[in-house]
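Open the model in your viewer and keep the sequence panel beside it. This tour tells you what to select, stop by stop.

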Amino acid sequence: MKATLKSMVAKVMMAGLLGGAIALAGGAKAQAQTWSVGVQVGTPAYGYAAPAYGYGYGPDYYARLRYERERREAYERRQAWLEHERREAWEREHRYRHDGWRDRDWNRR
């Protein structure tokens with residue numbers, strides 16, 4: 001059997017076509033066979049577990065907030081009272097001193 005060029009090209013084309021069809025018909029590669037390189041920005045995807053009550057919210061979180069608010073309000077009330085007392089003392093001390101010491105004794109001249 002003498003192979004002609006035309007028949008040889010047909011056989012090679014048929015083999016290539018058959019090989020391509022088998023490659024396409026095969027299943028997809030398993031994920032374990034692939035690898036990749038990635039860049040991460042921010043917190044790690046895997047790491048420490050979050051706290052049981054979240055970040056900063058323990059069982060006494062709201063009690064602590066209430067205590068701090070009450071302390072701040074008590075401090076502000078105390079400062080307001082001190083300012084009031086300071087102003088009252090100044091007014092009491094300067095009540096009759098509008099024009100000097102003689103204002104009290106205007107009728108005794």
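**Stop 1**

Select E73. At 35% relative accessibility it counts as partly exposed; that label covers the range between buried (under 20% relative accessible area) and exposed (over 50%), found with a 1.4 Å probe and protein chains only.

Before moving on, note that this is a predicted model: local features need pLDDT of at least 70, side-chain atom pairs count only at pLDDT 80 or more, and totals for chains, interfaces and linings use all residues. Residues are numbered from 1 along each chain as its sequence is written, and side-chain values use heavy atoms, with hydrogens and water left out.

E73 and R69 form a salt bridge, and their closest N and O atoms are 3.8 Å apart. The term means a side-chain nitrogen of Lys or Arg within 4 Å of a carboxyl oxygen of Asp or Glu.

Why are these two separated by about one helical turn? Because E73 and R69 are 4 residues apart in helix 2 (residues 61–93). Helices here are DSSP runs of H or I with at least four residues, strands are runs of E with at least two, and both are numbered from the N terminus.

**Stop 1: a network**

Stay in helix 2 and select E83 and R86. Their salt bridge has its closest N and O atoms 2.5 Å apart. The two are 3 residues apart in the helix, so about one helical turn separates them.

R87 forms a salt bridge with E83, with 3.0 Å between the closest N and O atoms. Shared partners join E83, R86 and R87 into one network. How many salt bridges does a search of the whole structure find? It finds 3.

**Stop 3**

Select Y61 and Y62. Which of the two is buried? Y61 is, with a relative accessible area of 18%. Y62 is exposed, at 57%.

Look at their rings. The count of aromatic pairs comes to 1. Y61 and Y62 form an edge-to-face pair, 5.0 Å centre to centre with 80 degrees between the planes. Rings of Phe, Tyr and Trp (its six-membered ring) pair if their centres lie within 6.5 Å; planes under 30 degrees apart count as stacked, over 60 as edge-to-face and the rest as tilted.

**Stop 2: helix 1**

Move to M13, which lies in helix 1 (residues 5–25). M13 counts as exposed because its relative accessibility is 58%. With M13, they make a nonpolar surface patch of about 350 Å². Patches use residues with over 30% relative accessible area and no salt bridge; like charges are joined within 9 Å, nonpolar side chains (Val, Leu, Ile, Met, Phe, Trp, Tyr) within 5 Å.

**Last stop: the whole chain**

Zoom out. The chain has 2 helices and 0 strands. Buried residues make up 1% of its 109 residues.

Methods
Accessible areas come from the Shrake-Rupley method with a 1.4 Å probe; for residues, only the protein chains shown count as cover.
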